[in-house]
Amino acid sequence: MTKRIAIVEDEAAIRENYADVLRSQGYQVQTYANRSTATQAFNLRLPNLVILDIGLDEEYDGGFVLCQQLRAKSATLPIIFLTARDNDFDTVSGLRIGADDYLTKDISLPHLTARISALFRRQEALKQPINDEHITRSGALTVDSQRMCITWQNKSVDLTITEFWLVHALAKHPGHVKNRTQLMSDSKIYVDDSTITSHIKRIRKKFMQNDANFDCIETVYGMGYRWLSDNSTRDDED
Amino acid sequence: MVIGRSLKLRFGLRAKLLLLSSFLFIIPWFGYQYVWEMEKYLRFGQEQTLVGTARALATALHERENLFNNQASFLPNVEQGKDLYGYKLTQAVQLDGLHNDWPEFNQRTHFYHHQQQLFAKEPLSLNFKASVGKYDNYLYLFFQVVDNHLIFRGKNTRSITNNDHLALSFSDNNNKLNRFIISNKKTGWISAFNVTDDDTNIPEPAPHIQGHWLLTPQGYNVELRVPLDNLGDNIAFAFFDVDKKGSEAVSAIGSADPSNAESLGTIVVPSPEIERIVKGMRYTNSSIWVVDQHHRVLASAGSLKSASGVWHAKEKQPKENEIRSLWYQFKQHILFPLYYKILTKPSTDFIDQLYDEQHLRGSHIVNALTGEATSQWRLTTDKKALVLSAAYPIFINNQVQGAVIVEETTNGIRTLRNRALEKLFTVILAIMSLGALAFLLFASRISSRIRHLSNQAELAIDKQGRIIGQMRASNSNDEIGDLSRSFATAVNRLSEYNHYLESMSSRLSHELRTPIAVVKTSLENLSLQEEQRAQVDKSNSPYIERAQTGINTLNLILTNMSEATRLEQMLTTTEKIDFDLLQVVNGCISGYQQVYPSIKFSFNNRICDSKRKKLLLYGSPEHIVQLLDKVISNGVEFSQDNKITVELNTNNNNAELFISNNGILLPEQLSENLFDSMVSLRDKNPKGYSKQAVPHLGLGLYISRLICQFHHGKISAYNHHDPEGVTVHISLPTKV
């Protein structure tokens with residue numbers, strides 16, 4: 001069954017470019033130029049994944065409104081923001097109202113498609129029983145690379161795809177410093193240094209929601225970040 | 001140029017207003033002029049009054065021949081020494097041969113010497129001074145005789161002329177000549193004898209002529225008096241000198257020949273009749289004189305010292321409670337001494353020696369005696385007082401026979417003027433001090449408002465020309481308020497414009513991102529299709545690749561452009577934490593050593609305090625790292641000898657970081673705004689980094705400054721020499 005992807009984007013050229021590349025990947029793509037047409041279509045039937053732009057025609061926050069409406073309809077529908085707005089505030093707002101990922105338009109198409117397929121894979125994997133093959137454990141951290149979910153002290157940490165890839169890249173080699181460029185390529189994004197910094201900060205916050213004492217991601221000033229296995233932190237605490 | 005400007009005098013608003021207010025000084029000047037003008041009119045009035053008084057008196061004396069009859073006023077001329085004038089004595093004199101009770105004796109004497117000699121058989125050894133005065137009903141005569149040999153009359157000598165003697169003759173009221181000889185046997189009371197032309201007659205003693213004969217070292221003095229009731233108009237006296245006892249007189253000096261009735265001189269004494277008339281006028285506060293045509297005073301009344309004119313009003317004595325009032329004391333002790341530095345108090349003890357009573361001088365008298373009424377102003381001889389004299393002729397039978405002279409000082413007017421000026425000065429002083437105070441307050445208020453405005457304007461814009469604060473518009477409804485409002489508007493607009501400029505790069509990048517995304521996605525689609533077709537003809541693919549490289553670079557530029565804005569937004573939400581700067585710097589430097597393997601980093605930790613291993617800061621370590629990244633990468637690019645020196649120090653709760661590289665110097669004019677947005681020096685880089693891997697927009701150091709500001713720190717760059725290069729100085733407050 002082909003997956004249906006809806007693109008809501010007011011810029012026709014980009015919309016069609018994305019649609020083309022996704023169609024070529026075998027997806028069924030519906031494109032909408034504004035919020036009203038998209039809302040009408042979504043009322044009839046929800047797609048399997050939605051790519052949203054934030055500014056839609058005259059509506060400055062049209063994408064956010066649409067995202068909220070979609071999230072109200074379905075809690076599991078994957079939503080990706082793909083926008084020219086690269087500021088921290090919009091990123092935080094977009095993720096907070098339920099988007100699964102927040103991407104800027106400078107992302108390359110292969111990265112985009114990789115992300116989309118990752119999202120579908122995760123959806124698929126969630127339906128299947130947990131397969132221990134894909135699970136790696138490191139202290140309190142459990143990484144399920146198939147379902148792309150992470151648990152900390154047996155509590156699930158709700159991470160976006162980008163964040164998952166970041167944690168995954170760090171936790172794969174505990175104690176090794178990963179610089180920002182490496183992290184960017186691992187998480188299939190290209191952003192500037194401060195965006196990485198804010199991503200790391202967000203990740204730390206998400207972990208700290210479960211465990212206030214979480215301090216496994218260490219900043220190595222001037223180089224990057226590294227994952228401290230919690231055994232060593234425990235040792236430190238003792 | 002700079003020196004010239006500093007020497008230029010600053011002429012502030014307050015000084016200008018003060019200068020303008022100095023025009024207030026015209027008011028007292030006008031007041032002063034007005035009072036002077038008033039005085040002029042008063043003087044004119046006084047002059048008229050005086051002339052009127054003189055005319056009134058003259059009118060009383062016109063055509064009253066008999067008043068002038070016996071006053072020898074009809075003589076065509078008078079001869080000094082021969083025609084005598086009896087000065088009016090104000091006090092009784094004692095007949096003691098001493099002249100100390102004669103007022104102004106020396107001025108009122110006439111010196112008789114060889115010109116007045118009657119005969120001389122031997123060389124003249126005699127001269128004398130004579131003075132004539134009138135008191136009550138007597139004519140007083142005083143002689144001061146210089147004689148080498150004084151020969152008294154012998155004890156039993158019958159002759160009264162064979163010794164030094166005085167011959168005195170005068171006509172009586174019936175024009176009959178009376179002759180007397182004063183011939184003493186010794187000093188003391190005089191012996192007067194009545195003699196006749198007939199020498200055989202025995203001289204009769206004349207007891208009504210009384211006097212005193214006093215010996216002096218030079219000769220002798222004779223002081224005598226003659227009752228006025230039998231005294232006519234003519235008089236003569238002569239001293240006869242005898243040098244040998246018992247011999248005849250060898251020489252004689254006198255006013256006239258006493259034995260010859262024809263040759264007698266005249267005597268004028270102040271006329272009691274005229275004086276009676278004049279006395280009636282003495283209540284006019286004037287000094288009045290009546291003179292005959294020979295300028296001799298016939299009568300006088302009043303004294304110049306009390307003649308201060310009709311304007312003279314007695315000063316009101318202040319009441320007791322008035323004296324005790326503070327204002328009166330202030331006026332008396334502070335204001336008046338001040339005023340009288342400018343004003344002069346009319347003096348009452350002036351001395352006027354112009355008038356010898358025997359002979360009044362002055363052009364006004366001369367004019368009056370030619371029949372013309374005149375008045376004149378003159379100063380007293382000691383120049384202390386101004387005297388106004390008016391002279392009016394007295395006509396008898398169409399002939400000028402005398403004149404009335406009325407004199408007054410201007411003291412009355414001057415006192416009046418002074419009092420007016422005192423009041424004027426007080427009022428002016430009050431007005432001026434109030435006015436000056438008001439002006440000063442007003443000027444201070446205005447200048448302080450303007451200074452406040454200028455300070456506000458200066459504070460609103462920093463050295464780099466950025467708007468750092470808002471101006472509060474004034475509510476006041478005047479020009480300065482308008483200025484303030486327009487300033488505030490201007491600053492607001494400027495700040496909006498600045499904000500627009502500052503956010504320009506991010507807006508630009510945002511706007512460009514969509515079309516770039518279009519190109520990029522299109523290119524990627526194209527390349528994907530190419531791959532799918534897998535055609536043998538690969539000629540297109542290098543172009544696609546190049547286009548993709550270009551678009552990626554463009555994308556990178558856009559990302560960098562919006563970095564500063566993103567950072568600013570991020571900083572507003574960044575939470576500050578405590579962290580150790582030492583650890584951060586240490587970590588960074590070891591990191592940079594890996595990133596830039598060709599550069600040699602040396603880190604000098606100058607914090608001597610070994611106990612304090614930590615340098616705690618309150619802020620965001622990630623951003624400090626970002627700051628260091630920017631500064632170090634900047635330093636690396638400009639380094640010519642591949643050495644970067646980082647120095648860490650503390651100074652008064654400030655962590656001081658110095659990052660130095662050796663290379664080209666900063667241009668002077670750019671050092672101020674080096675840390676501004678979109679300022680880059682890289683075009684001038686002599687090494688020719690024209691093809692750089694990473695494009696530079698001059699945002700790196702701007703980001704550094706933003707981070708420094710976030711930490712309340714400062715960043716500056718300066719050139720260092722030997723070797724030449726640039727040091728970036730970062731100062732961050734440590735956690736206290």
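**A loop in chain B**

Guide: Let us begin with Asn398(B), which sits in the loop between strand S20 (386–396) and strand S21 (399–409) of chain B. Strands (E, at least two residues) and helices (H or I, at least four) are DSSP runs numbered from the N terminus. This is a predicted model, in which local features need pLDDT of at least 70 and side-chain atom pairs count only at pLDDT 80 or more, while totals for chains, interfaces and linings use all residues. Residues are numbered from 1 along each chain as its sequence is written, and chains are lettered from A and ligands numbered from 1 in the order in which they are written.

Visitor: What is the phi of Asn398(B)?

Guide: Asn398(B) has a positive phi of about 65°, although the residue is not a glycine.

Visitor: And is Asn398(B) buried or exposed?

Guide: Asn398(B) counts as exposed, with 7 C-beta neighbours inside 10 Å. A residue is buried if 20 or more other C-beta atoms, placed from the backbone, lie within 10 Å of its own, exposed if 12 or fewer, and partly exposed in between.

Visitor: What about Gln153(A), where does that one lie?

Guide: Gln153(A) belongs to the loop between S8 and S9 of chain A. Its phi is near 55°, a positive value in a residue other than glycine. With 14 other C-beta atoms within 10 Å, Gln153(A) is partly exposed.

Visitor: Which strands make up the open sheet of 4 strands in chain A?

Guide: The order in that sheet is S6-S7-S8-S9 of chain A, with antiparallel pairing; two strands pair if DSSP finds at least two bridges between them. Strand S6 (135–138) and strand S9 (155–157) of chain A are at the edges with a single partner strand each, so one side of each has no neighbour in the sheet. From one strand to the next, the twist averages 25°. Angles run from 0 to 180 degrees between N-to-C directions, and axes are lines fitted to C-alpha atoms, for helices over the stretch in contact.

Visitor: How many bridges hold S7 and S8 of chain A?

Guide: Strand S7 (residues 141–144) and strand S8 (residues 149–152) of chain A pair over 4 bridges in the antiparallel sense. Leu141(A) stands opposite Trp152(A) in S8(A).

Visitor: Which helix packs on the sheet at S8 and S9 of chain A?

Guide: Helix H8 (residues 193–210) of chain A does, and its direction makes about 160° with that of S9(A). H6(A) lies across S6, S7 and S8 of chain A, at about 120° to S7(A). Here two residues are in contact if their C-beta atoms, placed from the backbone, lie within 7 Å.

Visitor: What is the order of the open sheet of 3 strands in chain A?

Guide: That order is S10-S12-S11 of chain A, again with antiparallel pairing. Strand S10 (177–179) and strand S11 (217–220) of chain A stand at its edges, each with a single partner strand, so one side of each is left without a neighbour in the sheet. The twist averages 35° from one strand to the next. Helix H6 (residues 161–172) of chain A touches S10, S11 and S12 of chain A, and its direction makes about 70° with that of S12(A).

Visitor: Which residue of S12(A) is the bridge partner of Glu218(A)?

Guide: The partner is Arg226(A). S11(A) and strand S12 (residues 224–227) of chain A run antiparallel, joined by 4 bridges.

Visitor: Changing topic: how many residues of each chain take part in the contact between chain A and chain B?

Guide: Chain B gives 31 residues and chain A gives 28 residues. On the side of chain B that touches chain A, the largest share, 10 residues, comes from H11(B).

Visitor: At what angle do H9 and H10 of chain B cross?

Guide: Helix H9 (residues 411–460) and helix H10 (residues 479–502) of chain B cross at roughly 0°, and their axes come within 11 Å. The two are therefore roughly parallel to each other (angles under 35 degrees count as roughly parallel, over 145 as roughly antiparallel, 65 to 115 as roughly perpendicular and the rest as oblique). Residues in this contact include Leu453(B) of H9(B) and Phe487(B) of H10(B).

Visitor: What is the mean pLDDT of chain B?

Guide: The mean is 79, and 88% of the residues of chain B reach 70 or more; pLDDT is the predictor's confidence in each residue, from 0 to 100. Over residues 1–7 of chain B pLDDT stays under 50, and the model has 0 contacts beyond four places in sequence for them. For the complex, the predictor gives an ipTM of 0.77 and a pTM of 0.51.
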